Every structure is written in C-alpha cells, then in structure tokens.
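Q: Hi! Could we walk through some charged pairs and then a helix packing?

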Amino acid sequence: MQDFIVIKGAREHNLKNIDLKIPRNRIIVITGPSGSGKSSLAIDTIYAEGQRRYVQSLSSYARQFIGELQKPDVDYIEGLSPSVAIEQKTVSRSPRSTLGTITEIYDYMRVLYTRIGKPYCYSCGSPITVQDADNILLSVLSLPEGTRLQILSPMVRGRKGEYRKELQQMRREGFVRARIDGEMIDLTGEIALKKHKRHTIEMVVDRLIVKPGIERQLRSAIESALNYSDTVIINLIDRNEDILFSRTLACLKCGLSYPEITPMFFSFNSSLGACPACSGLGYENLAEETTESDRLIPCKACGGLRLKKEALGIRLQGLNIGEFSRLSVRNAIEFIDGLSLTEREELIAGRIIKEVKDRLHFLRWVGLDYLTLDRPAATLSGGEAQRIRLSTQLGSSLTGVLYVLDEPSIGLHPRDCRKLLETLSGIRDAENTVIIVEHDADTIMWADYVVDLGPGGGRSGGWIVAEGTPEEIQKVESSPTGQYLSGRKTIPLPRKRRRPKDYIRITGAEEHNLKDLNIKVPLGVFVCCTGVSGSGKSTLILDILYKALMKELYGSRVSPGRFRSIKGTEKLSRVICVDQKPLGRTPRSNPATYTGIFTHVRDLFSRVQDARVRGYSPSRFSFNVQGGRCENCKGEGYKKVEMHFLPDVYVPCDECKGMRYNRETLAIRFKGKSISEVLEMTITEAYEFFANIPALKGKLQVLVDVGLGYIKLGQPATTLSGGEAQRVRLAKELSKRSQGDTLYILDEPTTGLHFVDIERLLNVLNCLVEKGNTVVVIEHNLDVIKCADYIIDLGPEGGDEGGYLVAAGTPEEVCSNGRSHTGLFLRKALEASGPPASGSLCLSGGETP
C-alpha cells in the first residue's frame, strides 16, 4: 500500500493545474479563504474520483443502471482509497425521520422491547397474561345473542411478498375466504399480490351467529385458528370491528388481548404500530411531505409518541419505547447502563444492548449528547446532521477508507470541538485517511498535515500557498492562514464597547430546555448569544425573540415559544432573520435572481440594439420561460441522471452545452458578452464589468463586502453552502435603504469563513449597528464573540442541564465568570488578540462605564 495520495494536474473549477502529495492514514486539513478551491480539491476532485472508480469496479450489469460518472478535471490520482464523503446536507427531511431512526438506535430498541419488554394493559395498567382457548370461548359467548361474527387466523402480518404458496395451501386445506389488506377475498379466484408491498393475510376459519348450542362449533373454530397462529381475531360483521385474543397475551381484569409482539409492533412507519389518529407522525394536521412546521400540536391520541396504545403498553423498567425516545442521548446512556436484567434476559438481550450503547456513546463523542432520540431530522442543523453521519461511521469499524468531511466544527462550542477532534483521531488510528475542509484554528493545529489554498477566492484562488505540518504553515509569510495561526496577524479588538440605547425585556422564557429565563436584549449594539451546543441559544433567539417580534411588529400568525411577557418592542420598526436555509429548492434559483441583480441584467440586454431590432423583451433573457431558453433542458443547462443507489448527478445539456439559452438569444451581446457568459462571471468580475451602472454596482458591492466575490452570478442555489446562502440573504438586506431601528438576527454567520473573511464580515455587521440598528448573532467563533458589545451566555451544559443564564455583559465581564465555559475560552482569545483597532467601523458609540 502506498504511503501517499499523489495528485497531478488538478484543474477542477478554479484549481490552477496543481500537483499535490498528501500522506495516507493521517488527518489532513485543507484550508484557505472562501472560494480558494478547498471543496473543489477535497470533494469535487479527490472524493469524486474515488466514487467514480468505485462505480467502475462494479459489474457491467450494475453499471448499466448508473451510467458513466464524469471524470474530474485532473491528470491522475494515485494511492486513492474507497472514499466516503460526510457532508452537511445528507439527512432525510421527512417528518418520519428522527435521530433514533437515522442512527438505527430506535430499530435496535424495537427488537429489545420485543424480546424483554413487559406488557401492561393500556386500559387498567395490570400485567398482561396468557389466554387459552377456554378463556377465548367464554369471552365470545358473552357477546349479545344474535351477534354475527367470523373467526380469523392471521397468517401474514405486514410483510412483503406475493405469498402464492401460502394462499394455495389455504385452498388445499379447504378454506374459501381470507381478509387480505382489510378486504374480504374469495380464495377460489386468482389472487395477485404486489411483491414489494407489505401485506396482511388473515384466514377466515368459520362464520357464526351467537346463540345457544354453538359451543362445540365455536370451540372447534377457535382451536383450529390457534393451530395456525397464536392470535385469534373475532370480527364483528355488523359493526366492522375486531376483537383480538392471544394465547400469549391478555388482561385478566379487562379481557383485552394483545396481538403477537414483533419489532413491527413498535414501528410508527407501519400500520401495525402507528397511531391511527396521526398515522405515526406524532402531531395533528401534519402532512407526510412536510419538512418544516411551526409550533406542532402533539396528537391527542398518542400524546406525540407516534404509536398505538397497545405498543405503548409494553414497558422496560417503567418506560415505554415512546418515552425512551424522548430521552436525551445523555439520559438514554444512564437508562441503558441502569438496566437490571435476569441471567436469561442478559443472554437474550446482551448483543442488542451493546449495539445501542455503542451508538449512544458515538453520539456523545461527537458532542451530540444533548439531542433527544425523537428529535425530528428536519430540525437538525447542517453541523449536527454531519456529526450524526460521522457517529454512524465510528461504528462501522472500517479500515483503509478515505473520509472527506466538510467543516465538521460548525455549530460546536470550543469546549466540544476537542471531543470531535479526538473522535477523528480514533478514525485515523484505525488506519484510515481523514481529509477535512476547515477554517477552525484548533482543528488546523490538530492536523497532521495542512494544505493551504489561495491566496484569494474565485479566479485569484486555486493555488497551493503552503503545505506541511501546522508548525511549518505558521512560518510561511505568504500564507494568510499561517499569519493568523502564528499570531502575526489577528482580528483586532474594538477600541470601545458601545453602550445600549435601551433593552427588550423577556420574562419567563420556558420553551424546550429554557428554565424560566428573564433576559435583557440590548438595543443599538452588537450582541452575541453564546453557550455550549444545546444550551438553548436558538430556542431563545429564534423561537422566542424573533417570533415574538414578528407577531408584535407585523401581526404574524407564527406561534412563539413559551414566555410570560416581552417589553420594549415599540422601540423597533423592523426585525429581519438572516438564516442558512437554501435560497431555493431547484438549480433555477441563484444569487443573481435572488438579489434582483438578474432583473437589471435582463433589462440591459433587452436595450441592446440587436435585441431592439428583433423585438426582444427582458423576458427573452429569462431561462424560466419559453422563448429564449434552451427547450431541451428547459433552461436548466443540465440534465439530472438518476443513480439509483448512489446520489443523482447532473450532466451538461448536450444541446446548449450548459449555457441555458438557445442560439438566437446567445447572439445578443452586451459589451461583448452573452447573457450566459454574464451568469458565469464571479461576483467580483461582474462588479468590474458593470462598474458604470449604479443600480448593479451597489448590489454587487455588497456581495463582495460579505465575502462572496468568488461565487458565480448564476451559481445554482442548491450548490451553495448554508453559510453562503446566509450571506446572500444578508447582502440582499444590506442593499435595501436603511431605516434604522431594525433588529438583525443571524445564526452562525461565520460558517464557511476564513479568518480574512471574518474580519470583513465584522465590518459589515458593525456598519449596520452604526446606522442605528441592532445585530444579534448566535455564534461560537471566538473572534466574533470578542468583538461583541454585549454577550448573553447560556448553559452551563446542553439539553436538560442547559437553559440557564450563565453570564451577561461585555466580553470582559463574561470572562470574569468562573461558571462560563465561553468565558474560559474567551479569556484566552482576548489575551492573544492584538491592540484595539483604530478607525474601525466597530469603534464608534459610547464606551461602557
């Protein structure tokens, strides 16, 4: 096995034909300013080539369903291992997907509850006992005289298959009817069941009317049914109602019977286990396709636990499986560790418990022990989703694999970041190679080898500025990363801390894990909300502050989280939340269309002499409507190729070659450029190209100011990271006329930003404050926190142990609080910072006394 991965002539996107030799079985960090080519090298070149070679290794039969993957623009790569990319946008957004299902913990718990769970009557709470034929007989005879019924014996319950053999066996044994998937079917006819659909087949043993003298016939039918199954179904024909009896499980007091307990009995994705009122979704009026929702109302029937009452009657040391799922990872570990099992139960469940324990500990190691197991996947941040995928890889015990991670430190407090780094070291020590795209200083210093790309972004990036150990990188004068790591360059502290003009006061905040908080949010200053992961930052700022202001200022129908009162809202005129949600769901949305730049561009092209002669209006230059677009790809420029068991890929349209437009439209040129060529420009290039057009220059200037000069005008929104999407939104808001008295809320705006870009972003945010606005950011980055005027620090831990106000005040005041984890790390950041800046936008305003 080679000791190095050798890359020759990498030219993907903006990479400048680079050659690189990186060590195998090491942690390698690829860093550099935004747009310098980090993802182009790590994901679009190294990982993409590994995926392509994997596909090539498949049989020709398998490859015919996949097609050929496009080879990255690189001469060759040697020493490449099978590759796994752990990105930030790969978790299902289905309302049925939870932390427990993603990690398979819930699947193992379903088996555990099946094997050693203790059944209790859901009506009276008594232990469930066995029913025999005599008990069933007495229960049926107690029905009113004249009741018409039929006795059914379940043969198949919620399983896939055609079951031709089983149906033929029923016919041979003289049975003429069966209830299949809830419908009575005559067995004498041809029955064709779909092979890949789940089916329930219940054989009709006999049909009777309750009256004197039927005891012998009824007993015979019950015993016959019990010969085929442990469960007997008494179907009351006139009421279309089933009464279940089981010779294994029944309540002696109520007479209620349970069906056979299988893992499917605890599945909220199966009709056997799902609550019939909410179909297993846990909430009222929630649709299957929903990916986002506001203030969900728990289902009244199941209390949000998703399962039938029968399934919730099975308990393990006092908890049913729904209640177990509501535990945090931390508390679930305590519950599993505290299980008291008999020798027989230990023998049955030992292996299952080990699998559950391992997965829970992996989640704790990547800093996610504050999450509950029933946490919907749609509510997970990109960083959380990525670390969940990382935790599943820890349990795979693979060796010789190349892992590629995209900013795994996103959303992590500095305290939690060390746990993540130790986890990555464990993967490396198992003889795997770990490549990380990262800007975090601690992660870079932890690496065995660093590749620094730059020196800028976009066209000015794509070069290798420095490579080597972290210590070697620090010595390279031309490396921006090295300058910041060595301390030769730092993000300066503000000369003064601004004094708040007033406050918004929130009392009694109790949503999620918040502990009856009373909070003051200062106005007219730069505010940071900090705390370890899961401490309640997003709940306080996004679920309570933002939604309460939306309701107060705009009369919005959103429902804020629980709190008693909010005062001071009259001092604001607007509230704007700049989040990291995608700009659009399709490749048609891009920075130019989102910010309104493309409207001006299309108008310019329609005024060109050739366009006026041909009668072209601005709509001719839209790729969303017929007329000027390429009809082969409908203006998308690419065709989607479904990869079946691999992610879908997009290939350029073979007619327009990715240009989106037809030949006639592309013939119209403005200053020598076609509309397609303008969309291919980076923001910086477009800024220079349209320098003499004020309406465009202003909007493009703001995009450059927020550090997005490297992205293309027409770059599909689906390819933008969460941080890039957030900064496009921020640029759109900044380009509007400032009214003052606006509260801006940003959730981790430093996502994807290099040290150089963070300094630029801070200037933009401080510019907003100087215009009389308030900026509130949820942030872990110490370079941002140290520059804040005021800090609200929550904690002290995450989950149930969080939700308290630990510290509030200036960075210097928070540092003096010994209970604050943020203060501990912030003190070091303040000591390492250079002298206060002079003349910076963040310097104006009153000084804190």
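A: Happy to. Let's start with R497, which counts as buried at 8% relative accessibility; buried means under 20% relative accessible area, exposed over 50%, and partly exposed in between, using a 1.4 Å probe and protein chains only. This is a predicted model, where local features need pLDDT of at least 70 and side-chain atom pairs count only at pLDDT 80 or more, while totals for chains, interfaces and linings use all residues. Residues are numbered from 1 along each chain as its sequence is written, and side-chain values use heavy atoms, with hydrogens and water left out.

Q: How many salt bridges does the structure hold?
A: There are 48. One network of them links E104, R351, E355 and R359.

Q: Switching topic: at what angle do α5 and α7 pack?
A: About 130°, with the axes of α5 (residues 133-141) and α7 (residues 215-228) 10 Å apart. Axes are lines fitted to C-alpha atoms, for helices over the stretch in contact, and angles run from 0 to 180 degrees between N-to-C directions. Helices are DSSP runs of H or I with at least four residues, numbered from the N terminus.

Q: Which residues of α5 meet α7?
A: A133, D134, I136, L137, V140 and L141.

Definitions and conventions: Helix = DSSP H or I, 4+ residues; strand = E, 2+ residues; numbered from the N terminus. Contact = heavy atoms within 4.5 Å. Salt bridge = Lys/Arg side-chain N within 4 Å of Asp/Glu carboxyl O.
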